[in-house]
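Visitor: I'd like a close look at one part of this model, with enough context to see how that part sits in the rest. Could you walk me through it?

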Amino acid sequence: MKKFDLRNIRVRQLSVDEIDDRMLLVNLYVTQAITIIIGLVWALFQRSNPFLLLQFPDSLSFLWWGLGLGAAVIAVDLLISRWVPEEATDDGGINERIFKNRPVWHIAVISLVVAICEELLFRGAVQHSFGPYWTSIIFAAIHVRYLKHWIPTGLVFSISYGLGWIYIQSGTLWAPIVAHFLVDFIMGLIIRFRREQTEQ
C-alpha cells in the first residue's frame with residue numbers, strides 16, 4: 001500500500017481562466033452557503049435570533065434607504081469606470097466570468113443570494129460585534145480580488161460603510177440587502193449586455 005506523504009502536496013494559485021463555468025458557480029454558491037452558516041452561528045452566539053434579523057418590516061421606508069444608496073453606488077461606479085483606466089480597477093476577470101453569459105433571471109438569483117448571505121453575516125452579525133468601521137475593513141479584506149488596487153478596495157470599504165450606516169438608520173437588514181442586491185444586479189446586467197454590444 002502506497003504511503004500518503006503530505007510533503008508531496010503542491011498548492012498553486014489558479015487563474016480565473018483555468019476554472020470552468022460549472023466549477024465557478026459551485027464555488028460561488030458554496031462560498032455563500034458558508035457565509036450564511038457563519039452568520040447564523042455568529043448571531044446565535046450573540047444571543048440574537050437570526051430569523052428576527054430577516055423579519056420583514058411593517059413599513060416600506062427601508063426601500064428608500066436601499067434604493068438611494070444603491071443608486072449612489074452605481075453612479076459612482078459608472079463615473080469611475082468612465083474616467084479611471086481599466087487596469088486600475090481590475091478584479092482579475094471574476095465578475096466578467098460570473099455574469100457575462102448568464103440569463104437575466106440567473107443574474108438576479110446570484111445577486112439576491114449574495115446580498116442576503118453577506119448582509120446577514122456582515123451587517124447582522126459582524127457589525128453587532130465590531131461596529132461599521134471595522135466591519136467595513138473586514139468586508140474589504142475578504143474581497144481579495146480587489147486588494148491589488150486601491151480604488152476598488154476603497155470603493156468596497158465605502159460601500160460597506162454605507163451599508164452599515166443605512167442598516168443603523170433604517171433599523172432593518174432589508175435596507176442593506178436591497179442596496180447590495182441592486183448594485184450587484186445592475187452591475188451584472190451592465191457586464192452581460194456590454195458583452196453583447198461588443199460582439200455586434
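What percentage of the 200 residues in the protein chain do buried residues make up? And from there, please take me to the packing of α5 with α6.

Guide: Happy to. Please keep in mind that this is a predicted model. Buried residues account for 40% of the 200 residues in the protein chain. The chain has 7 helices and 0 strands, so its pattern along the sequence reads α-α-α-α-α-α-α, with strands absent under the assignment used. Taking contacts between residues at least 6 apart in sequence, 79% join residues at least 24 apart.

Now to the part you asked about. Helix α5 covers residues 104-142 and helix α6 covers residues 150-170; they pack at an angle of about 135°, and their axes are 9 Å apart. That angle is why α5 and α6 count as oblique to each other, since roughly antiparallel would require an angle over 145 degrees. Their crossing is left-handed. On the α5 side, the contact is made by Glu119, Arg123, Gly124, Gln127, Pro132, Tyr133, Thr135, Ser136, Ile137, Phe139 and Ala140. Facing them from α6 are Thr153, Val156, Phe157, Ser160, Tyr161, Leu163, Gly164, Tyr167 and Ile168.

Leu53 belongs to the largest nonpolar core, which has 24 residues; Leu53, Leu69 and Leu173 are the ones that touch the most other members. Helices α5 and α6 each supply at least two residues of this core, as do α3 (62-83) and α7 (174-199). The largest share, 8 residues, comes from α7. Apart from this core lies another, of 12 residues, including Ile107, Val114, Phe185 and Ile191.

One last stop brings α1 into the picture. Thr35 is placed in helix α1, residues 21-45. With a relative accessibility of 11%, Thr35 counts as buried, because the cut-off for buried is under 20%. Again leaving aside neighbours within four places in sequence, Thr35 is in contact with Cys117, Glu118 and Leu121.

Definitions and conventions: Residues are numbered from 1 along each chain as its sequence is written. This is a predicted model: local features need pLDDT of at least 70, side-chain atom pairs count only at pLDDT 80 or more; totals for chains, interfaces and linings use all residues. Side-chain values use heavy atoms; hydrogens and water are left out. Axes are lines fitted to C-alpha atoms, for helices over the stretch in contact, and angles run from 0 to 180 degrees between N-to-C directions. Helices (H or I, at least four residues) and strands (E, at least two) are DSSP runs, numbered from the N terminus. Angles under 35 degrees count as roughly parallel, over 145 as roughly antiparallel, 65 to 115 as roughly perpendicular and the rest as oblique. A crossing is left-handed if the near helix is turned anticlockwise from the far one by less than a right angle, and right-handed if clockwise. Contact means heavy atoms within 4.5 Å. A nonpolar core is a set of buried Ala, Val, Leu, Ile, Met, Phe, Trp, Tyr and Cys residues joined through side-chain atoms within 4.5 Å. Buried means under 20% relative accessible area, exposed over 50%, partly exposed in between (1.4 Å probe, protein chains only).
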